[in-house]
Structure formats: structure tokens, C-alpha cells
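Trainee: I'd like to learn how to read a few features of a structure like this one. Could we go through them together?

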Amino acid sequence: MNDLTPSPRSLQATILHHLTYTIGKDAPHASLHDWRMALSFAIRDQIVEPWFASTRRTWSEDRKRVYYLSMEFLIGRILEDATINLGLRDAVEEVMSGFGVDFRALVEDEPDAALGNGGLGRLAACFMESMATVGCPAYGYGIRYEHGLFRQRFENGQQVETPEDWLQQTNPWEFDRPESAYTIGFKGSVETIDGREVWVPGETVYASAHDTPVVGWQGKWANTLRLWSAMPTTQFDLERFNHGDYAAAAAPEALARTISRVLYPDDTTYAGKELRLKQEFFLTSAALQDILRRYLAEHDDLTRLPEKVAIQMNDTHPAIAGPELIRLLMDGHGLAFEVALDIAQQVLGYTNHTLLPEALERWSTYLFGNVLPRHMQIVERIDAWHKDNFHNRPHYVGIVKFQEVHMGELAFIMSHKVNGVSALHSELVEKTLFPELAALHPGRIINETNGVTPRRWLNMCNRPLAQLITDTIGEAWVGDLDRLRDLEPHIADKGFRDAFAAAKRANKVAIGGWIARECGVKVSPDALFDVQIKRIHEYKRQLLNILQTIAHWHAIRENPKADWVPRVKVFGGKSAPGYWVAKEIIHLINDVARVVNADPLVGDALKVIYPANYNVSMAEKLVPAADLSEQISTAGKEASGTGNMKFMLNGAPTIGTLDGANVEILQEVGAENFFLFGLTAAQVVDRRKDVEHSAHAIRESQSLQDVLQMIAEGRFSPEQPDRYHGIVDRLWHHDYFLVADDYAAYEAAQAEVDAAYRDPTRWVRMAAMNTARGGFFSSDRTIRGYMKDIWSTESAL
């Protein structure tokens with residue numbers, strides 16, 4: 001809160017002003033949507049002051065800016081988050097109550113911005129909020145997707161994708177910037193004019209800017225998230241329209257809208273691959289043109305660009321930034337290739353987010369050269385330069401090889417720093433992903449372990465626990481998460497533990513009501529809420545979870561009168577539209593849920609819940625209610641994970657492998673507060689050498705044999721008994737992600753969970769210790785690391 005914080009009376013007047021003059025309604029006739037829009041515009045007014053002040057200071061003090069390029073920004077709802085960071089949450093609730101409007105209903109009415117898919121986009125959103133909180137002058141650059149990824153629904157248990165419609169309503173948080181528009185070219189040819197290479201694009205679109213201010217904790221600083229929409233450079237062809245050629249008349253608009261319509265179009269076809277490459281170049285070129293325009297407004301020496309500009313590439317999607325920046329500096333400003341390359345390397349940083357080879361993008365030279373002919377030339381020149389200057393190996397590891405452009409290698413070579421996102425991940429990036437390049441460029445790879453913003457992921461989403469923490473140690477923890485360590489002495493106090501358990505139960509009661517409304521299943525708040533919510537992928541091993549769930553269901557049926565710890569198994573997440581194996585796993589989970597939830601013999605001892613269309617707002621409901629955090633990826637495959645950190649902060653112990661940031665969570669909380677199982681990354685590599693490894697594991701586990709038999713005989717798909725024969729066959733013969741090998745250890749760890757949960761004192765101690773030791777996993781700490789180690793910039797606060 002600052003000196004400009006409005007009084008309740010002033011806030012009330014501003015809301016009514018916007019209701020009348022912005023929305024065009026009076027109070028007696030205003031709908032819930034009208035009130036939300038009026039309140040949102042009123043809160044946006046409060047953000048504008050620190051936003052303008054931050055911008056003016058950055059200009060007047062000629063500060064270095066950070067530019068964060070990401071294909072995803074999974075920002076979630078803004079209204080409640082903004083009121084909390086401005087210190088207005090309680091005042092707003094009181095004012096709206098005076099109008100007879102429930103603030104909670106207003107929050108639930110706001111759509112999630114469909115700008116991301118999973119952890120990559122949510123991390124980018126946390127980073128934007130933390131950069132504002134710590135006073136790091138920054139812009140985020142992304143695409144303003146019209147329909148985002150997709151809206152997920154289930155038909156007979158199968159995922160069905162439908163378009164997101166978040167932009168059908170006016171977005172009250174953004175400011176259109178039509179004056180900030182840049183021409184983006186594709187295809188065409190490269191011609192030599194006056195001895196210089198000149199790209200003549202065959203297609204062009206405009207990138208038009210839309211700005212959303214992002215305010216930090218206590219409203220002390222605000223930055224800008226700039227999203228680009230594609231617009232036609234050639235307007236509607238009226239002559240063709242009047243001659244009846246309606247499709248051709250609208251073709252330019254159709255091309256432009258296609259580029260910013262959908263996140264991650266299906267790239268199993270050539271057209272899909274071309275569209276995705278166009279999207280990545282569209283985002284990157286628009287951002288770089290904007291960055292150079294801003295720099296040149298105050299400076300005239302482009303060789304000093306690294307003193308004022310740091311550009312971070314969030315994974316390989318913006319890796320075209322290296323060649324594009326060189327092109328702009330060479331072709332647009334006349335710099336020599338070597339000079340332009342040196343500037344680009346000094347300003348660019350690359351964050352790697354994956355160890356999966358298929359996720360390190362590769363484009364065929366034909367596609368790349370067809371869509372970006374000038375950039376193909378520049379990539380080949382970068383490759384030749386690098387080979388001439390750093391080739392001391394018998395087998396050169398380059399960018400262009402086997403008729404493909406390797407974007408991971410391009411990003412590495414064009415960056416002055418390459419960072420992994422957890423200690424284990426960074427080690428594997430150096431040793432297994434880019435070992436040759438790491439040897440050629442010692443010291444380039446560093447680690448910056450991910451984090452999450454505690455404002456959204458504890459203070460906002462878990463008000464019962466946040467209030468208990470504040471009552472116990474004061475409010476300073478919200479801006480300095482290391483203060484959570486001050487909770488540790490209180491965990492020995494029964495009164496504190498009882499209050500901690502009461503906060504958790506309140507969240508479970510709330511989510512139980514939501515589950516009943518959304519899924520039609522009644523769950524008990526006394527049950528252990530066992531939650532796995534994340535993108536559906538084989539390496540994340542939702543399959544392992546559902547297999548053990550089937551085994552647990554079978555055990556209950558075999559002995560229904562035993563003293564079972566009641567469980568609510570919660571799944572959430574989407575599969576990529578073309579990822580048929582993941583979609584098969586989704587179908588299996590839903591089929592198992594249908595059988596288990598209707599089984600009178602099992603009753604409340606086990607429920608399986610899979611709400612459709614998992615997003616940020618759903619996570620904000622599920623994370624505070626979780627008792628157990630499922631982080632069970634195959635060791636060596638998860639870069640970091642951030643869901644694990646959110647669950648930890650909210651008092652849910654982890655059951656997990658030594659993968660990603662699980663390693664650091666285990667170090668922080670101690671083995672006694674973590675349910676560890678499974679092979680290590682090194683053991684995974686060794687185990688795969690045995691081609692019969694999965695068959696051996698299945699033969700050694702009667703439980704797993706029984707589960708696979710039930711699936712194979714159609715116990716969960718009686719109308720189609722062979723529905724999951726593919727899953728069973730892969731587990732026996734092609735189990736690359738070692739589900740079978742880790743099954744017995746996972747089952748044993750789940751038994752340890754039951755034993756711990758039976759002892760309420762032990763369980764609450766474990767849960768509270770997870771919260772108390774979660775301070776390291778603040779994205780504020782991560783951003784300060786980037787500022788020091790990569791961006792060479794300082795806080796303005």
C-alpha cells in the first residue's frame with residue numbers, strides 16, 4: 001500500500017463512475033459482468049499510477065531493461081491478484097458488499113486469459129510479477145492468442161478440444177497500442193542490391209501491440225506485458241468482393257488472424273509446422289523491432305546495446321532471436337556480421353526447459369529456408385563462424401545438420417549464458433544435452449532454480465493459511481518468503497498445529513463443494529486429498545498414478561471391512577491434441593473414475609476425480625486443499641516443476657522421484673518430510689540398457705500383473721474390452737519412461753503415506769514443515785539470480 005491508496009469512499013465513487021460512463025449501466029440494472037468490468041477498470045486506474053511512475057523513472061535514469069520473450073504467459077485471473085498487490089483486497093470486498101455484490105462471485109466471473117499451456121507459461125507469469133516486485137525494469141513479450149490452447153471437455157471419457165473464448169468479452173486490463181505496430185515478413189526471396197543482401201518478403205503482416213500493466217507487491221513498481229496481435233498489411237479487397245470472390249477478398253485478414261489465433265497449432269502436418277515457425281518469428285521479430293526502436297529513441301550507438309538491453313529467451317521458441325537481431329543490425333543499420341553477432345550474443349540469454357529431444361525444436365532446412373530465406377543464410381553463416389572459431393572436436397556439433405536447423409544449438413551458440421531451471425536439470429543440460437557445446441564454452445551453462453510468486457500461490461489462493469502465517473510471524477513474509485522459517489519454532493505448539501490443520505480442512509471443505517458441483521461426486525474432507533495436476537505426458541507418469549489407483553481399488557474390494565485411509569485421487573491436465581498416447585491415458589483415468597466412483601463396495605474409501613479444462617484458476621482451488629503432492633516423473637526428464645513448489649508452500653508433502661526441483665525440495669524439508677521413491681537419473685539410463693527391463697519388473701510384481709490383467713480384460717471398458725491393449729503392450733515391451741520399473745517402489749511409498757496420515761500429529765508436523773521451509777522457492781529469489789548472473793542489472797527500488 002502507498003500514499004495514493006484510495007479510501008473506500010473514493011473507490012466506491014470510481015467504481016460507480018466506470019459503471020456509468022465506461023460500461024453504460026446504472027446500479028439497479030447492472031449485471032454481475034457489469035460490476036466486474038466496472039471494478040476492474042477502477043483497479044486498473046490504481047495500477048496506472050505506479051506503472052507510469054516506473055516507466056518515467058526507467059527513462060529518466062536511463063536504466064537497463066530486461067525483455068522476456070515467451071510463447072506463453074499463463075497469467076490467470078488478474079482482478080484479485082491486483083487488489084492484493086495494491087493492498088485493496090479487503091477494502092474492495094467491503095465496498096462491493098455495500099453495493100450488494102459478492103466479491104467472490106466477481107472473481108469467479110473473470111475468464112482465465114488463454115495465453116499458455118503449462119509450467120512454461122505459468123513460470124513466465126510468476127517472473128513478470130516478481131520482476132515488478134523486486135523493481136527490475138522489464139517488458140514481457142508474447143502473442144495475444146485469440147483462442148489460446150483449447151478448452152478441454154470430456155465425451156465418454158475422451159478429451160475433446162474446443163476453442164477458448166476468453167476474448168469474446170472485453171479485456172479490461174489491456175491498453176491497445178496501434179501506434180506500436182511493426183511489419184513482419186515471411187517467404188519471398190533474397191536479392192543482392194548494391195553489394196548487400198536484401199530480403200524481399202512474399203507475405204507480410206502487422207504486429208499490433210496490446211499492453212497489460214503488471215504490478216508488484218505493495219504497488220511499488222509495475223512493468224509491461226506486451227502481447228502482439230497479427231493484422232493484415234493489405235486491407236479488405238473490395239473489388240474482389242464485389243466480383244463475388246469473397247474468399248480471396250478476405251485472404252489477407254485470414255492469414256493474419258491465423259498467426260495469432262491458436263497457441264501451439266498441431267504440427268503433425270507441413271502446414272502446421274509452417275504456421276508454428278511463423279508464430280515464433282512473428283513474436284520474436286516484433287519484440288526485437290520494438291526493443292531497437294526504444295533503444296534508438298535515447299541512444300545512437302548500437303554497439304552499446306548490451307549496456308541497456310538484456311533479452312531472455314524462454315526455451316527454444318524464440319531462438320530465432322539471434323539470426324533476426326543480426327539481420328536487423330546488418331541489413332537495417334549497416335553493421336558488419338561479426339559486430340552484429342557479438343552484440344547479439346551479449347544481449348541474449350537462453351533458458352532451457354526440457355531434456356526431451358523432441359521438445360528441442362528442429363526445422364527442416366526446406367521449411368526454414370522457404371519461410372525465412374534470409375535467416376537461413378544467416379544461420380548458415382553463424383554455423384560457419386562457430387565452426388571456424390571453436391571447432392576442436394573430431395565431430396563438429398553445429399546448428400545445421402542432417403538437413404535440419406537445430407534450435408537448441410542455435411540458442412546456445414547465440415547466448416552469453418544458458419541456464420537450467422534446477423540443480424539436477426542444469427547438470428544434465430551440461431552433461432547429456434549439450435556436452436560438446438559446454439566443453440567448447442566452459443562457464444556458459446549456469447543454474448537458476450525456478451520459483452513461484454507467493455503473492456498468488458499462498459497469500460491469494462490460500463487465505464486461511466496466509467492469515468494464520470501473518471497472525472503468527474507478521475506480514476513481511478509476503479515480500480520476503482525466507483521469513484517462513486520463523487514458523488518452525490511454532491510447529492511444536494499444539495495450538496498452532498490445530499490452527500494449521502483447521503486451515504487445511506477449511507480448504508478441503510470448500511473444494512469438496514466445488515467438486516460436487518463440477519463433477520457430481522461427493523467427497524469427504526476427512527479423506528486424504530492426493531493430487532496430480534499438470535500437463536498430461538508420458539514422462540510425468542499419470543499412468544503410474546492410475547495403475548496404483550486401480551491396485552488400491554482392487555485391494556479395497558478384496559477386503560472392504562479393513563481400516564482403509566480414505567483417499568480422493570485428483571487428476572487435472574490437458575494433452576496436446578495430436579498426442580494420442582497421452583489422450584489414451586486420459587481416457588483410462590476417466591474410465592477408472594467411472595467404475596470406482598460407482599462402486600458401492602468401495603464407497604468413500606476411494607474416489608477418483610478428473611475435472612475438465614484444468615487452468616490457473618482451478619489450480620488455485622486445488623493446491624490449497626491438497627494433502628499430498630504427486631511429483632512422480634521419470635528421473636532425468638522433468639526440468640524443474642513449479643507445481644511441486646506451490647504444493648509445498650501450501651502444506652502438502654511430496655511423493656516423488658529425484659527429479660527436477662524435487663531434489664532441492666528434499667534438501668530443504670529433509671527426508672522425514674518427503675516420500676521418496678524410484679530410480680535415480682543415472683539408474684534410469686542403466687536400466688534402459690536391459691531391453692527386457694519392463695517385463696522383468698512386471699513379473700516381479702503380482703500387484704502390477706493383476707492391474708494389467710484387469711485393464712487387458714476390459715474391466716474398465718466392458719463395451720470395448722481391447723480399448724487399452726496398446727497401453728498394456730507398451731508397458732510390457734516399450735516402457736521408455738520406466739513406469740513398470742518404479743511401480744513397486746511407488747506402491748511402497750504410498751503405503752508410507754497411509755501410515756503417516758493415520759498419525760494426525762505427525763502429518764500436520766510434516767505439512768507445516770513443508771510450508772516453513774518453502775522460502776527458497778520464491779520467484780523473487782530466482783529473478784534476483786537472473787539479474788545478478790545473466791542480465792547484469794540492478795533493482796530500481
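This is a predicted model: local features need pLDDT of at least 70, side-chain atom pairs count only at pLDDT 80 or more; totals for chains, interfaces and linings use all residues.

Trainee: How many of the residues of helix H11 are buried, and what follows from that?

Mentor: Eleven of the twelve residues in H11 (residues 321–332) are buried, so the helix is largely enclosed by the rest of the structure. After H11 comes Gly 334, with a positive phi near 75°.

Trainee: Now for helix pairs. What describes two packed helices?

Mentor: The angle between their axes and the distance between those axes. Here, helix H21 (residues 494–519) packs with helix H24 (residues 616–625) at about 135°, and their axes are 8 Å apart.

Trainee: Why are H21 and H24 called oblique to each other?

Mentor: Angles over 145 degrees count as roughly antiparallel and 65 to 115 as roughly perpendicular, so an angle between those ranges is oblique. That is the case for H21 and H24. The crossing of H21 past H24 is left-handed.

Trainee: And the surface? Which residues make the nonpolar patch?

Mentor: Phe 236, Leu 238, Phe 241 and Tyr 246 form a nonpolar surface patch of about 420 Å². Of these, Phe 241 sits in helix H7 (residues 238–242) and counts as partly exposed because its relative accessibility is 35%.

Trainee: Is Pro 760 buried or exposed?

Mentor: Exposed, since Pro 760 has a relative accessible area of 54%. Pro 760 belongs to helix H32 (residues 760–772). From Pro 760 to Gln 548, the separation is 212 residues in sequence and 24 Å in space, C-alpha to C-alpha.

Terms used:
Residues are numbered from 1 along each chain as its sequence is written. Side-chain values use heavy atoms; hydrogens and water are left out. Patches are made of residues with over 30% relative accessible area and no salt bridge: like charges are joined within 9 Å, nonpolar side chains (Val, Leu, Ile, Met, Phe, Trp, Tyr) within 5 Å. Accessible areas come from the Shrake-Rupley method with a 1.4 Å probe; for residues, only the protein chains shown count as cover. A salt bridge is a side-chain nitrogen of Lys or Arg within 4 Å of a carboxyl oxygen of Asp or Glu. Helices (H or I, at least four residues) and strands (E, at least two) are DSSP runs, numbered from the N terminus. Buried means under 20% relative accessible area, exposed over 50%, partly exposed in between (1.4 Å probe, protein chains only). Axes are lines fitted to C-alpha atoms, for helices over the stretch in contact, and angles run from 0 to 180 degrees between N-to-C directions. Angles under 35 degrees count as roughly parallel, over 145 as roughly antiparallel, 65 to 115 as roughly perpendicular and the rest as oblique. A crossing is left-handed if the near helix is turned anticlockwise from the far one by less than a right angle, and right-handed if clockwise.
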